[in-house]
Amino acid sequence: MSDVSSDYALDAGFDSLLGTQLIDFSPTAMVIIDPDLRVRRSNRSFREIYGLSPEQLAGTSIPELLPDMDPRVWKLARWVLASGESVEDTEIIGRSVAFPQEERTWRFSHFPLRDREGVPAAVGVTLVDVTDQRRAERKHAEAERRLRLLTRASTLVGRSLELDATLASIADFMVPEFADTCSVYLLDEPLDTDARPELLELRRAIKTRVSGPPLQSCDIPFSAAGEILYCHRNSPIYQAFASGRPFHHAADDESLISGYQTPGFLDYFRRLLLRWGIAVPLLVGRYFHGVMVVHVGVSGRTYTDDDVEMAANLGGRISAAIANARAYAREREVSVTLQRSLLAPDIPAVAGMDIAWRYEPGSLPGRSPCAEPGPPIDAEVGGDWFDLIPLSAGRVALVIGDVAGRGVTAAAVMGQLRTASRAFASLDLPADDVLTHLDNLAQTIGAGPDGALASCVYAIFEPTTATIVLANAGHPPPALRDPDGRVRLLTGGGGAFLGVGGQVFVQTCYPFPVGATLALYTDGLVESRDIDIFQGIGRLQHALADAGTADATADRLMRLVDQANRDDDVALLLVRAAAAINTRTLTIPLTLDLRAVGQARHAVNAALRRWQQPETIETAELLVSEIVTNAIRYSRVPGELVLRSVPTALYIEVSDSDSHLPRVLHPNEQEEHGRGLILVDALAARWGTRPTHSGKTVWCQLDTGTDTGPEIFT
C-alpha cells in the first residue's frame, strides 16, 4: 500500500472514529497512532492532558510523548496492529505534562484502524482519566477495611471477661492487620487523669507481638510480660496520658525515646526497624489504666490521621474491656472469698468413716495482668456448698447443694442455706423435714424477682443400722459403690428445687455396709459445654467402680472434670465406710407395762458386764430408768431401747410413739414429778431428743474412753 493510500486510510479511519468535529468536545481523550507509534490525529481532551498543540503532537512518537508511562501503552498498540484485535479497558498508571508531579490512572482501549483492503494500518486509542474514581474507591475500601477491623476488634474485646485473654487477642489481631509491633502496658492501679506524677510506672501486660520474618528471628529484649517501664514527661506514653488522645510520633526520635528510663530502649526500637508509632491511652472516664503502643516500619506502611482516629476508637473499646475485666475480677474475688468463708473450713473426723472432699470455683482465680495469656475464662463463682454435721448418738448428716446463679448473690444465698441446714440439723430433724424447712426458707430469702432456687441432698448416716437415709431436692443423684464394686445411683427421694414450694419431700433408706463408698457431687463434676449430664454421670459411675481410699477416689473423680470447657463450680464429698470399729449394740423392745423398766435395767447391766464396762453400769441404769419410764408413761404404742457402745462413748436411745418433745422442768419442793430430765442432764455428757415420723427418740451419751473387742447384740 502506497503512502498516499495509507494516509488516506488513516484520515478516513480517524474521521469514521470521530464521526463529527464535535468529538473535540468529548471528555474522552482520543488519538490515532501509526505503525511507527507516531501521533497522526488527536482530539482536544487528549491535547489538554499533555498540554501540547496539534502541531506539537503531530508526528511525535508515543514513547517520546509518554516517557514516564507504562510501556504497555505502545506494546499493546503493536499487538493490535499485528493481531487486528481490540484490547479494551486496560488501566495504566503514569505521569503527563499536565500532571508532572502526580501519578494518574487512565483506562486505555486500543482498536485497529484498517485500510481499504482490511489490513490494520493504524491504532485508535481512547483513554479516560479514572484517577479520582479510583481514589474514591480506595478511600471507600479503606473505610470498609477500618470498619471491619474495628468490628472484629470489638468482637474480640467482648469475647471474654478475662483480662489477659482479651489483651492477647487484641495484640494478635493488631499484628499484622494494623501494626508491625504491638505492646500493652498497664498501671497496677488506675490513675486520675488530673494527676501529673513526674514518672509513670507501667507494667507490660502481655509479651510484645512482632510481625515479619526479619523481626521474628531477632532476639528482642524488653518484650516479656511483667517488665516494668518507667516513662518521663517527654515520652510518647506520658504525652498520650497527659493529652488523653493518641500520640502519633516518629519511632526513632531520640528526644522522645529518651523519655523511657530504660537502658538500651532506643537500640531496641532501631533493631525492630520501627519508623512510626501511636501511643493510645486506655481511659475509662477520669481514670487512666494504661496504654497500647503500636508501631510500623519494616512493612513500609505509615500511619495517617484516619489510622490515629481508628486507634483512638479501638483504645476506647479496649479500655472498656479492661475496666469490665478488673471489675469482674474484684467481684469474683469477693465472691470466692465469701464462698470459701462460708464453706466448711474443715470436715470433722468421724469414727469408722474415711472422708474426702474437693472444691474448685467455676473459674480460676484472677491472674495478674502481667501473666502470660491463657484460655478465655468467662465463668463466675457459683453457689455450690457441702457439709458434714455430727448429729446425736454418733450419727452424721451429709449435705451438698448448689444455688442457681452466679456471683456474690449466689454465694450469699448459699451461706444462708448452709447456715440454716446446720441449724435444722442441730434439731435432729429427719432428712425430708430438713429439706421442707430449707424450701420454706428459700422462698423467703429470695435472689431476685423469681426468688432463690437451689438443689440439695441431705443424707443421714445411721451407724446403728449401717444405713444411709437421704432426701433429694432436684440435685444430681448420689452414687453408691457397694463393697463388691457395683455402682448404683440413689434416685429415690427426689423432689423439685428448694424455693419452688408446695412440694413434699420423701426420704429413702439404703444399706451402707463396711467397704461402701457414697459420692455426693454437684453438676460441675459431670457436666460441661461438651459433655451432657447423663454422659458425665455415666463416666462418674465407671470411675467410682475402682477400689481405693476416699482421697485416691476423689482425685480420680476430679480428673473427669473438663477443665477447658467447664463453666461451673465443682464440689465433691466422698464418704467411705472403713473397717468396722469396736461397736456393740443391744436392742430391747419395750412394752407399755412399767415392769419393762426393771427388765431394761437388768438387760443393760448384763450387757455392760459382758462388754467389760462395769464403771458405767450405775449411771447407765439410772439414765435408762428415767428415759424408759417417761416413754412408757406418755406413749400409747410399745417402743424400743437401743444401747450402743463405741470406743469412746456409750449411747442410750429410747424411741416411743409420743410426738411431744420433753423439756427440762423446774418443779418446786411440793411437786412430785418433773425431776427426771434434770437428773439426765446432770449425769449424761450430752443428751437430746429428735423427732421421728412415728414419734420421737430421746438419747443420751456417756463418755467412756474404753476400747475392747467388737461384739454385736440385737
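Buried means under 20% relative accessible area, exposed means over 50%, and partly exposed lies in between (1.4 Å probe, protein chains only). This is a predicted model, in which local features need pLDDT of at least 70 and side-chain atom pairs count only at pLDDT 80 or more, while totals for chains, interfaces and linings use all residues. Residues are numbered from 1 along each chain as its sequence is written, and side-chain values use heavy atoms, with hydrogens and water left out.

1. Thr616. At 7% relative accessibility, Thr616 counts as buried because the cut-off is under 20%. Thr616 sits in the loop between helix 17 (595–610) and helix 18; helices (H or I, at least four residues) and strands (E, at least two) are DSSP runs, numbered from the N terminus. Leaving aside residues up to four places away in sequence, Thr616 touches Leu608, Leu650, Leu702 and Thr704, where contact means heavy atoms within 4.5 Å.

2. Helix 19. In helix 19 (residues 676–683), the buried residues are Gly676, Leu677 and Val680. Viewed down the helix axis, they fall within an arc of 90°, so they line one face of helix 19; the arc is that of the directions from the helix axis to the C-beta atoms. An α-helix has 3.6 residues a turn, so residues three or four places apart point the same way. The cover over the buried residues of helix 19 includes helix 18 (617–634), strand 26 (686–692) and strand 27 (695–703).

3. Helix 14. Does the length of helix 14 agree or disagree with what its 15 residues should span? At 1.5 Å a residue, helix 14 (residues 431–445) should span 21 Å, and its end C-alpha atoms are 21 Å apart, which agrees. The expected span is 1.5 Å times one less than the number of residues. Ala431, Asp432, Val434, Leu435, Leu438, Asp439 and Ala442 are buried in helix 14. Down the axis of helix 14, the buried residues fall within an arc of 150°, so they line one face of the helix. Helix 13 (407–426), strand 16 (454–462) and strand 17 (467–473) are among the elements that cover them.

4. Backbone angles. Most residues other than glycine have a negative phi, and most peptide bonds are trans. Three places here are worth checking by eye. Asp428, in the loop between helix 13 and helix 14, has a positive phi near 60°; Asp428 is buried, with a relative accessible area of 6%. Ala466, in the loop between strand 16 and strand 17, has a positive phi of about 55°; Ala466 is partly exposed, at 30% relative accessible area. The peptide bond from Val175 to Pro176 is cis, with omega near 10°, and Pro176 lies in helix 7 (residues 163–177).

5. Surface patch. Leu453, Phe497 and Val500 form a nonpolar patch on the surface, with about 230 Å² of accessible area together. Patches are made of residues with over 30% relative accessible area and no salt bridge, with like charges joined within 9 Å and nonpolar side chains (Val, Leu, Ile, Met, Phe, Trp, Tyr) within 5 Å. A salt bridge is a side-chain nitrogen of Lys or Arg within 4 Å of a carboxyl oxygen of Asp or Glu. Accessible areas come from the Shrake-Rupley method with a 1.4 Å probe; for residues, only the protein chains shown count as cover. Phe497 is partly exposed, with a relative accessible area of 37%, and is found in the loop between strand 19 (487–489) and strand 20 (508–511).
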